[in-house]
Amino acid sequence: MSSVALERLRKRYRDIDVVKDIDLDIAQGELVVLLGPSGCGKTTTLRMIAGLVQPTAGRVRIGGETVDDLPPRARNIGMVFQDYALFPNMPVRENIAFGLQERKASHKRIDARVAEMLALTRMHAFVERYPAELSGGQQQRVALARALAYEPRVLLMDEPLGALDQRLREDMQREVARIQKALGITTVFVTHDQQEAMVLAERIVVMNAGRIEQVGTPEQLYANPQSLFIADFIGRTNRLPGEARELADGLVRVALRNGRAIRARAAGAAQVGDAVVCTVRPEKLRIAQASDDASDNMMPVTMRRRSFMGSSIDLAVEDPAGSEILLKLSATSTDVPAPGDAIVVAFRPEDCLCFAATAA
Amino acid sequence: MMPGARRAYDSGLIAAFVGSALLFLVPQFFFIRQSLLPNLAPGVVGDTLSLENYRAIVTDAFYWGVFGRTIGLSVVSVAVGLLLAFPTAYLLARIRSRVVRWLIVLLLISSFVSVVVKVLGLTLLLGTDGPVVRALHALSFGLWDLRLVHNDASVAIGLVQYTLPLLVMILFGVIQNVPPSLEEAALVHGASDWRAFRRVLLPLLWPGALAAALIAFNMNMGAFTSAVLLGGGRVLTVPIMIQRKIILETDYPNAAALSLLLTLAVVLVNLAALKVRPGAFAATHPG
Amino acid sequence: MRISGKHIAIGAGALFSYVFLLIPLAVVVGASFDDGAGAYFRFPPEHLSLRWYRELPAKYWHGLELSCLIALAAAATSTLIGALAALGIAKGSLGRSALLETFFRLPLQVPFVVTGIVFLQFYYLLFDAWRVSLIGSYAGFVLAHLFFCIPYAAGAVGSVITDDLRRIENAGRIAGATEWRVFRRLTLPALKPGLFSGFFYAFIVSFGDVPVSVFLSTGGVVPLPVEIFQTLQFEFDPAVLSISSVVVVLSALFIVFVQRVVGLDLILPGARR
């Protein structure tokens with residue numbers, strides 16, 4: 001297993017920098033997720049690691065050695081593609097055996113490894129079937145088996161679960177995580193689904209417009225997003241636009257557009273007088289009680305909808321400016337308001353982040 | 001679908017079928033009949049039906065030679081055509097660049113221009129007073145006085161000119177149907193460029209390529225522009241013989257017999273290809 | 001970018017193909033500017049002049065006109081018939097019959113030269129029987145060209161009638177559209193690439209045809225390719241160079257026009273505009 005290092009990696013197509021100065025160190029055995037919206041450069045970065053795309057500048061290092069001059073087959077990596085890319089003219093057995101055959105492994109070794117991979121992905125019943133006869137999930141597992149068969153030192157996965165339905169997707173996420181942990185293989189996983197990233201990753205690399213915006217564990221990114229983009233992209237959050245009035249004790253006093261004044265934690269370089277956006281997670285909002293701390297933020301809202309989600313109760317309320325705000329209450333809450341009720345929601349200043357309002 | 005609509009489609013099909021059947025089959029029927037009649041004198045045809053014309057041709061070694069040459073030239077041209085068409089079609093299908101648009105325009109222009117113009121260009125180029133011969137003559141200090149036309153090779157070149165654009169266009173469509181990720185997967189998993197081609201791309205292209213080859217083969221078997229103008233009377237193919245029988249000897253029955261034997265040869269080759277790869281018979285349209 | 005062996009092979013092959021295809025055309029156009037009235041064509045041209053453009057005999061222009069008209073009629077009619085056939089096979093009561101598909105492709109099995117004399121001979125019979133003269137007539141050419149154009153058109157239209165189209169049509173029916181509206185607003189637009197490419201290829205094959213038309217030409221009614229062919233066979237006339245150059249230029253203009261106005265992927269799906 002090897003580490004992967006990206007040094008000032010850049011890719012330019014005509015006049016556009018699709019990937020700009022990426023610096024990243026991935027430790028041996030780590031599962032890192034490249035997360036971001038479409039067009040952010042995550043797939044291009046992955047393909048540069050694979051050697052399918054040549055960087056315009058910068059270097060890729062696998063296991064400490066620079067691999068830029070090496071063709072994909074010499075990098076000893078495995079890759080699972082978005083469309084699985086199983087060879088339609090070969091049955092499952094031959095697909096899995098492909099890499100070993102190209103590496104001139106002995107028949108004995110090939111047979112042994114194919115059997116191991118089939119067991120690992122639980123596909124032994126399908127060994128003689130052709131890809132066209134398999135379902136999406138089955139094809140995906142064969143693709144994974146094929147990528148791992150020749151014991152590569154790095155595993156690359158390009159949005160492999162995108163085409164699966166929700167249930168199957170979640171199952172496969174757990175499968176991938178299990179297999180990765182079992183083999184201890186360094187893995188780079190690309191996805192635009194932040195939930196998927198949260199489930200799988202030890203570390204998430206959030207990318208936007210060709211750059212890395214933030215790297216961190218799921219907890220770090222969730223609790224301490226460094227930009228409005230990240231706050232919005234990871235998990236659900238409420239956006240409250242307004243203007244920064246005063247900075248004191250690390251907290252910002254903000255005059256919200258909906259008329260209320262609140263205090264929030266300064267999370268970006270917001271100056272007094274700037275237009276800002278405050279974010280607060282739905283689960284940090286609660287219905288105000290008489291016993292609440294006076295230093296908490298309060299906001300009068302009108303109840304609109306409630307949804308029972310099984311493990312939580314989601315409330316949609318409307319603020320004085322007409323914007324929708326989401327609350328997440330525990331499933332065991334009592335006194336859940338009814339649609340039309342006028343209520344007050346409360347939240348602590350520490351749970352609210354204030355960002356400068358850039359085009360995020 | 002509503003029954004009314006289905007009836008409309010059926011009527012359309014019936015109309016097309018009847019019209020086509022008349023066009024396809026009626027002239028052929030009379031033609032076959034003509035081939036069974038004896039040719040008494042130029043322009044004079046007898047009454048008695050027999051297979052005599054066929055017997056005379058089939059038992060004549062000379063005709064076997066001509067058929068062999070015709071098939072040989074057609075096959076060689078198709079092979080050369082495929083060899084050239086594949087890299088061209090691959091480039092057009094895989095390169096993402098605006099240049100590709102203009103390359104396709106050039107290709108379409110080339111297919112638009114009649115083969116007779118291309119052959120004209122070839123005679124100018126390869127003729128005894130043409131630049132190629134003169135250049136070779138000069139380069140070899142007067143030793144090489146080559147005859148580049150009026151031989152099998154020049155006819156084959158003419159046939160390739162005839163079919164290459166179509167081959168490129170068909171292969172273009174076929175290659176486009178193979179996702180690039182398949183080739184990439186092969187490369188990442190350990191295959192060299194050649195191995196990726198051999199093990200993944202070629203097997204997937206094969207049915208479409210065979211269909212294209214058959215179309216080109218059929219075209220070559222029926223062409224005579226190249227053979228006449230580039231062969232200069234020394235290259236004898238079945239189409240030329242047919243033409244001569246009509247124009248020079250006014251011998252319709254034997255021309256008909258030869259034609260039907262030619263058609264039979266084409267059909268047999270196509271059927272043989274069907275055995276090799278059943279899916280190949282579906283004529284792959286360049287689109 | 002790393003230049004691999006594969007890049008060289010593909011690049012060289014493609015380059016050679018293009019040079020191979022375009023050099024004869026360049027030679028023809030180049031030689032057409034030569035003044036020489038000698039007994040042979042010269043390339044490269046020695047004395048440049050537009051002589052052979054100014055002195056183009058009328059017969060070549062007639063031939064060009066005739067070829068265009070024949071190709072237009074043959075392409076249009078065969079596209080119509082081919083479309084009816086393809087639609088009927090895909091959507092009619094009989095279902096996708098392989099037999100029917102093969103039937104409409106039968107003419108592709110018949111070598112062009114054979115088609116030429118089949119129709120020549122047939123037209124003689126018609127003349128003997130009913131005094132109808134189709135040889136050397138516009139209708140005669142069109143009819144014979146239809147024979148080999150229909151398979152192209154039927155194939156082209158057939159290839160765009162996909163399962164996806166059926167799903168889209170069903171969605172339209174569920175949304176409440178009548179059959180006619182489904183056809184007009186969903187089917188027809190989807191057919192467009194097939195109709196265009198079918199017409200286009202039928203036109204190309206008809207316009208450039210020699211082996212069939214050469215047998216059906218008489219006296220003054222000769223399509224251009226046959227005219228050129230016969231000149232090259234029997235006489236010497238530098239005017240073939242100029243008329244051929246005219247054809248090359250007109251073809252180029254036409255293709256560029258189609259590309260600009262309609263886009264290449266209507267005639268070559270996947271070609272990108």
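Select strand 14 (residues 275–280) of chain A and strand 20 (residues 352–356) of chain A: they run antiparallel, joined by five bridges. Strands here are DSSP runs of E with at least two residues, helices are runs of H or I with at least four, and both are numbered from the N terminus. Two strands pair if DSSP finds at least two bridges between them. Now pick V280(A); its bridge partner in strand 20 of chain A is C352(A).

This is a predicted model, where local features need pLDDT of at least 70 and side-chain atom pairs count only at pLDDT 80 or more, while totals for chains, interfaces and linings use all residues. Residues are numbered from 1 along each chain as its sequence is written, chains are lettered from A and ligands numbered from 1 in the order in which they are written, and side-chain values use heavy atoms, leaving out hydrogens and water.

In chain A, five strands form a closed barrel in the order 11-12-13-20-14, with mixed pairing. From one strand to the next, the twist averages 55°. (Angles run from 0 to 180 degrees between N-to-C directions, and axes are lines fitted to C-alpha atoms, for helices over the stretch in contact.)

Next, the hairpin. Strand 9 (residues 203–208) of chain A pairs with strand 10 (residues 211–216) of chain A in the antiparallel sense, over five bridges. Two residues lie between these strands, and A209(A) in the turn has a positive phi of about 50°. Select V205(A) to find its bridge partner, V215(A), in strand 10 of chain A.

Move to chain B. Helix 1 (residues 3–35) of chain B packs against helix 12 (residues 252–276) of chain B at an angle of about 115°, with the axes 7 Å apart. That angle is why the two helices of chain B count as roughly perpendicular (65 to 115 degrees; under 35 is roughly parallel, over 145 roughly antiparallel, the rest oblique).

Last stop: which residues lie nearest the centre of the largest cavity? They are S111(B), Y162(B), M219(B), I204(C) and V205(C), out of 24 lining residues. A cavity is a set of points on a 1 Å grid over the protein atoms alone where a 1.4 Å probe fits but cannot get out; lining residues have an atom within 4 Å of a point. Helix 7 of chain B gives the largest share of the lining, four residues.

Terms used
1 Å grid on protein atoms, 1.4 Å probe; cavity = no way out; pocket = protein on both sides within 12 Å on 5 of 7 lines; lining within 4 Å.
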